[in-house]
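Have the sequence and the 3D view open as you read.

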Amino acid sequence: MIETNRLRIYAAFQDIMKQFIDAQTEDVLKTAYTEKLNGCLNHPDQWDSYAIWMIELQDGTHI
């Protein structure tokens with residue numbers, strides 16, 4: 001995780017990635033993000049390479 005006075009940047013955990021996938025309304029995005037999650041699960045030693053990266057303000061607002 002990278003954290004500054006204003007931002008947090010981190011590789012999403014499995015539960016956050018599932019929530020993100022469920023929130024997608026476009027099938028193509030749902031498929032792409034599901035492939036990323038599967039990559040994480042199949043290669044846990046390379047999680048950061050496959051994960052969805054989250055960028056948030058310190059108050060939790062996603063950018």
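## The salt bridge

A search of the whole structure finds 1 salt bridge, a term that stands for a side-chain nitrogen of Lys or Arg within 4 Å of a carboxyl oxygen of Asp or Glu. The partners are Glu 56 and Arg 8, whose closest N and O atoms are 3.2 Å apart. This pair links distant parts of the chain, with Glu 56 in strand S3 and Arg 8 in strand S2, 48 residues apart. Side chains of opposite charge can pair when their charged atoms come close.

Are the two partners buried or exposed? Both Glu 56 and Arg 8 are buried. Here, buried means under 20% relative accessible area, exposed means over 50%, and partly exposed lies in between (1.4 Å probe, protein chains only).

## What the model rests on

This is a predicted model, in which local features need pLDDT of at least 70 and side-chain atom pairs count only at pLDDT 80 or more, while totals for chains, interfaces and linings use all residues. Residues are numbered from 1 along each chain as its sequence is written, and side-chain values use heavy atoms, with hydrogens and water left out.

## The chain as a whole

The protein chain has 3 helices and 3 strands; these are DSSP runs numbered from the N terminus, with helices (H or I) of at least four residues and strands (E) of at least two. Along the sequence they follow the pattern β-β-α-α-α-β. The C-alpha trace spans about 35 × 30 × 15 Å along its principal axes.

Of the 63 residues, 24% count as buried. The protein chain exposes about 4,600 Å², and carbon and sulfur atoms supply 53% of that area; accessible areas come from the Shrake-Rupley method with a 1.4 Å probe, and for residues only the protein chains shown count as cover. Among contacts (heavy atoms within 4.5 Å) between residues at least 6 apart in sequence, 54% join residues at least 24 apart.

## The sheet

How are the 3 strands arranged? They form an open sheet in the order S1-S2-S3, with antiparallel pairing. The edge strands are S1 (2-3) and S3 (53-57), each pairing on one side only. Two strands count as paired if DSSP finds at least two bridges between them. Strands of a sheet pair through backbone hydrogen bonds, either parallel or antiparallel.

S1 and S2 form a hairpin with 3 residues between them, and 2 bridges join these strands. The bridge partner of Ile 2 in S2 is Ile 9. On the S3 side, 5 bridges join S2 to S3; Ile 9 stands opposite Ile 55, and Ala 11 stands opposite Trp 53.

## The nonpolar core

The largest nonpolar core has 11 residues, among them Tyr 10, Met 17, Ile 21, Leu 37, Trp 47 and Met 54. Such a core is a set of buried Ala, Val, Leu, Ile, Met, Phe, Trp, Tyr and Cys residues joined through side-chain atoms within 4.5 Å. Strand S2 (7-11), helix H1 (14-23) and helix H2 (27-42) are the elements that give two or more residues to this core. In soluble globular proteins, nonpolar side chains tend to be buried together.

## Where the helices meet

Not counting residues up to four places away in sequence, the core residue Ile 21 touches Lys 30, Tyr 33, Thr 34 and Leu 37. Gln 24 sits in the loop between H1 and H2 and counts as buried because its relative accessibility is 16%. Leaving aside neighbours within four places in sequence, Gln 24 is in contact with Leu 29, Lys 30 and Tyr 33.

The structure also holds 1 aromatic pair. Phe 20 and Tyr 33 form this edge-to-face pair, at 4.9 Å centre to centre with 75° between the planes. The pair links Phe 20 in helix H1 to Tyr 33 in helix H2, 13 residues apart. Rings of Phe, Tyr and Trp (its six-membered ring) pair if their centres lie within 6.5 Å, and planes under 30 degrees apart count as stacked, over 60 as edge-to-face and the rest as tilted. Phe 20 counts as partly exposed at 27% relative accessibility, and so does Tyr 33 at 21%.

## The end of the chain

His 62 lies in the segment after S3 and is partly exposed, with a relative accessible area of 46%. Leaving aside neighbours within four places in sequence, His 62 is in contact with Tyr 10, Met 54, Ile 55 and Glu 56. The C-alpha atoms of His 62 and Pro 44 are separated by 25 Å, and these residues are 18 apart along the chain.
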